[in-house]
Amino acid sequence: MAAQNKFMVITGCSSGIGLATAVPLAKENNFKVLATMRNLQKRGDLEKAAGTTLNKSLFIGELDISEEDSIMKFVNDTYAEEGQIDIPVLSKLLLSAWGSVTLCIRQ
């Protein structure tokens, strides 16, 4: 990864907002995108949309943000491989009427 590239993790990329966000950002020269989803068997639409960015600037990973074990494994594996997450995008969160969500990851 070039020094100017920002490493971005986007959740919920099998469809919807996650997919629509991951692909254009992966096509930008300054982003490396790890597009995540709960079920990797649903990656077909993302792979098609990614086109030539697949495995160059867009990578697909498994992450279930409703499961603490999945979050911890993902965070540990990602930091071991990349050393950083510059921009997390949690596209599959349902916001409460109070308007805020805090995701706490214990190391």
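# Reading a β-α-β-α-β-α-β chain

Guide: Welcome! From the N terminus on, the elements of this chain run β-α-β-α-β-α-β. This is a predicted model, where local features need pLDDT of at least 70, side-chain atom pairs count only at pLDDT 80 or more, and totals for chains, interfaces and linings use all residues. Residues are numbered from 1 along each chain as its sequence is written, and side-chain values use heavy atoms, leaving out hydrogens and water.

Visitor: How many helices and strands does the chain have, and what makes a run count as one?

Guide: The chain has 3 helices and 4 strands.

Visitor: Why is asparagine 55 called exposed?

Guide: Exposed means over 50% relative accessible area, buried under 20%, and partly exposed in between (1.4 Å probe, protein chains only). Asparagine 55 has 56% relative accessibility, so asparagine 55 counts as exposed. Asparagine 55 belongs to the loop between H2 and S3, and its phi is near 65°, a positive value in a residue other than glycine.

Visitor: And leucine 63, is it buried or exposed, and why?

Guide: Leucine 63 is at 9% relative accessibility, so leucine 63 counts as buried. Its place is the loop between S3 and H3.

Visitor: What does leucine 63 touch?

Guide: Contact means heavy atoms within 4.5 Å. Not counting residues up to four places away in sequence, leucine 63 touches Thr11, Thr36, Met37, Arg38, Ser70, Ile71 and Phe74. Methionine 37 is 26 residues from leucine 63 in sequence, yet their C-alpha atoms are 5.4 Å apart in space.

Visitor: How do you know that the span of helix H3 agrees with its number of residues?

Guide: The expected span is 1.5 Å times one less than the number of residues. H3 has 15 residues (68–82), so it should span 21 Å, and its end C-alpha atoms are 21 Å apart, which agrees.

Visitor: What makes you say that the buried residues of H3 line one face?

Guide: Ile71, Phe74, Val75, Thr78 and Glu82 are the buried ones in H3. Seen down the axis of H3, they fall within an arc of 100°, so they line one face of the helix. That arc is taken from the directions from the helix axis to the C-beta atoms. Strands S1 (6–10), S2 (31–37) and S3 (58–62) are among what covers these buried residues, while the face turned away from them carries the exposed Asp69, Lys73 and Ala80.

Visitor: What makes a set of residues a nonpolar core, and which residues have the most contacts inside the largest one?

Guide: A nonpolar core is a set of buried Ala, Val, Leu, Ile, Met, Phe, Trp, Tyr and Cys residues joined through side-chain atoms within 4.5 Å. The largest here has 14 residues, and Ile10, Cys13, Ala22, Val33, Ala35, Leu46 and Leu58 have the most contacts inside it. S1, H1 (16–27), S2 and H2 (44–50) each give two or more residues to this core. Apart from it lies another core, of 7 residues, including Phe7, Val9, Ile71 and Phe74.

Visitor: How do you know that lysine 32 sits over the ring of phenylalanine 59?

Guide: The rule asks for NZ of Lys or CZ of Arg within 6 Å of the ring centre and within 35 degrees of the ring normal. The charged end of lysine 32 sits over the ring of phenylalanine 59, 5.1 Å from its centre.
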